[in-house]
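Biologist: I've got a model open and I'd like to learn how to read it. Could you walk me through some features?

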Amino acid sequence: ADAGGTRHAIGVEAEGMTACPCAQGMMRERSAADLRDAGFSDADARRALEALPVATHNQRGRGSITIGTLGEPLPSLEALVEIVESAMSSETYDLLKRPDEFFVVNKAHRNPKFVEDVVRGIVAGALEMFGDFSDGAFISAGQVNYESIHKHDAFAEAYGTFGEFREELRS
């Protein structure tokens with residue numbers, strides 16, 4: 001708080017999953033070669049790979065968003081969770097039956113994302129959902145992917161004002 005007013009901040013963390021685009025690309029190339037070796041034409045191999053989700057490795061992810069406002073009403077926690085979850089390859093759930101597991105895995109593999117893609121998606125989602133916020137409103141976005149095949153995790157973050165991100169998008 002200062003003479004200009006009081007800034008309020010609200011944020012959430014939410015879990016979801018991502019599917020690795022890099023490994024998926026390699027799997028797609030290998031699958032195309034395997035299909036050609038099995039007698040499929042190039043066109044038929046391409047068509048088959050466009051119709052089916054291609055395997056890759058997955059990560060559980062934890063995304064975060066914090067919005068700081070100066071005069072604007074604070075966003076709802078539900079809206080912030082929606083932004084974070086929708087930025088990932090798929091949402092995750094506490095309890096799934098087999099058909100539900102198919103839905104989650106299929107959705108994720110048709111929507112592969114790197115950790116930095118998720119952060120860009122969180123920022124873009126906030127700019128879209130809160131488009132009427134002033135240029136001085138603040139956003140912080142982060143994502144950590146708990147890697148499934150690496151001995152390290154991946155992390156990305158971005159922060160700045162709505163005005164800075166709007167200018168970045170324009171340029």
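Modeller: Let's begin on the surface, where Tyr93, Phe102 and Phe103 make up a nonpolar patch with about 350 Å² of accessible area together. Patch members have over 30% relative accessible area and no salt bridge; like charges are joined within 9 Å, and nonpolar side chains (Val, Leu, Ile, Met, Phe, Trp, Tyr) within 5 Å. Areas come from the Shrake-Rupley method with a 1.4 Å probe, and for residues only the protein chains shown count as cover. One caution: this is a predicted model, so local features need pLDDT of at least 70 and side-chain atom pairs pLDDT 80 or more, while totals for chains, interfaces and linings use all residues. Numbering runs from 1 along each chain as its sequence is written, and side-chain values use heavy atoms, without hydrogens and water.

Biologist: Where is tyrosine 93 found?

Modeller: In the loop between β3 (90-91) and α4 (98-109). Helices (H or I, at least four residues) and strands (E, at least two) are DSSP runs, numbered from the N terminus.

Biologist: Which residues of helix α3 are buried?

Modeller: Buried means under 20% relative accessible area, exposed over 50%, and partly exposed in between (1.4 Å probe, protein chains only). In α3 (residues 77-87), that gives Ala79, Leu80, Ile83, Val84 and Ala87. Viewed down the axis of α3, they fall within an arc of 135°, so they line one face of the helix; the arc is taken from the directions from the helix axis to the C-beta atoms.

Biologist: What do those buried residues pack against?

Modeller: β1 (8-19), β2 (58-69) and α5 (115-129). Contact here means heavy atoms within 4.5 Å.

Biologist: And how do I read a nonpolar core?

Modeller: In soluble globular proteins, nonpolar side chains tend to be buried together. A core is a set of buried Ala, Val, Leu, Ile, Met, Phe, Trp, Tyr and Cys residues joined through side-chain atoms within 4.5 Å. The largest one here has 28 residues, and those touching the most other members include Leu80, Phe130 and Phe162. Its largest share, 7 residues, comes from α5.

Biologist: How many salt bridges are there?

Modeller: The rule is a side-chain nitrogen of Lys or Arg within 4 Å of a carboxyl oxygen of Asp or Glu, and the count comes to 10. In one of them, arginine 62 meets glutamate 15 at 2.7 Å, N to O. Arginine 62 is in strand β2 and glutamate 15 in strand β1, so the pair ties together parts 47 residues apart in sequence.
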